[in-house]
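Please look over this model with me. I have a few short notes to share.

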Amino acid sequence: QIDQSGKEVKILNSLTSTGSTSTTQSILLIEQAGKFSVTNGTLSFDKITFSINTNALEGYIITGSTQSTKIQIDNCIMKTTTVSSTIKTGLVEVEYGILSVTNLNIKDLIIQERSIIKVDEGTNVGIVSIIGSTFENITRTGDNQKGGVLEGYLGSNNGQLRVSSTFKDCKVSNTDGYGGAIYIKITSDLLNMFDLSGTSYSGCDAQYGKSLFIEAYNLRTAVPLHTDASLTKTKIGAGSDEYEKVNLDNLMGYDGADTLAIPLYYVYTD
């Protein structure tokens with residue numbers, strides 16, 4: 001547990017033999033109950049490879065659990081100690097506080113019943129940003145899973161969720177899963193709760209929303225008509241109209257309590 005009363009704890013890669021800084025990653029081995037719980041202050045990681053052993057207990061490696069926390073992850077990698085093994089551990093869950101992720105690279109990962117990143121609906125959850133990162137060949141196993149990489153729940157007390165990253169071959173089950181790359185649930189009639197501008201998807205898979213699924217209190221508010229003043233297609237990371245029109249299961253959502261999955265193409269176009 002990390003309680004630093006507003007101070008910062010930095011976990012960085014090693015210096016060179018001469019004491020100079022380096023771009024070489026340092027390995028942080030995660031085993032059994034090894035976790036970081038941030039209750040106060042800032043915890044930052046830079047140039048760290050999170051290497052997850054199959055014996056790591058279920059949960060998330062890093063958790064922000066109070067309003068006065070910030071988690072920053074820069075230039076990091078997440079992988080398993082054994083190739084093609086299944087783990088039960090996601091990277092980070094934000095219950096409260098701020099999360100900033102930049103240049104995170106994760107490839108060839110299988111996680112049982114967890115996303116890589118989870119954002120909870122909470123009191124004063126701050127801005128969550130995932131920028132310039134790459135997620136490739138990520139599989140979330142289990143029944144009725146939501147979000148292969150990112151699972152987010154946004155309410156009136158959450159800050160904006162900002163994502164500008166690349167998602168390739170990210171998957172949940174194509175028989176009962178939602179959002180191969182990203183799943184977002186918006187629990188109130190709110191506008192501008194997320195911005196996925198600059199995000200790209202390719203080869204992702206799920207039953208509903210192969211790349212993105214948005215479950216919204218009001219889907220029209222969350223995904224308004226695309227206009228010159230409201231660039232909705234950009235905001236959700238949509239491809240060309242030609243592509244989305246023939247791949248209607250790529251970006252989908254629920255409107256309120258209605259459980260009919262709606263292609264978002266029909267929501268943001270006339």
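Predicted model: local features only at pLDDT ≥ 70, side-chain atom pairs only at ≥ 80, totals over all residues.

1. Start with Asp46. This residue lies in strand S3, which spans residues 36-46. The side chain of Asp46 makes a polar contact with the side chain of Lys47, at 3.4 Å.

2. Setting aside neighbours within four places in sequence, Asp46 is in contact with Ile11, Leu12, Asn13, Asp74, Asn75 and Cys76.

3. Now find Gln145. Look in the loop between strand S13 (125-141) and strand S14 (150-154). Is Gln145 buried or exposed? Gln145 counts as buried, because its relative accessibility is 8% and the cut-off for buried is under 20%.

4. What surrounds Gln145? A polar atom of its side chain lies 2.8 Å from the backbone oxygen of Asp143. Beyond four places in sequence, Gln145 is in contact with Glu113, Arg114, Arg140, Val172, Asp176, Gly177 and Tyr178. Gly180 is 35 residues from Gln145 along the chain, and their C-alpha atoms are separated by 9.2 Å.

5. Next, the cysteines. A disulfide is a covalent bond between the sulfur atoms of two cysteines. How many disulfides does the count give? The count is zero, with a cut-off of 2.5 Å between the sulfur atoms. For Cys76, the nearest cysteine sulfur is that of Cys170, 18 Å away. For Cys170, the nearest is that of Cys204, 4.5 Å away.

6. Cys76 counts as buried, at 0% relative accessibility. Cys170 counts as buried, also at 0%.

Conventions. Residues numbered from 1 in each chain as written. Heavy atoms only, no water. Helix = DSSP H or I, 4+ residues; strand = E, 2+ residues; numbered from the N terminus. Polar contact = N/O pair within 3.5 Å; in protein donor to acceptor, adjacent residues only side chain to side chain. Contact = heavy atoms within 4.5 Å. Buried < 20%, exposed > 50% of the residue type's maximum accessible area, 1.4 Å probe, protein only.
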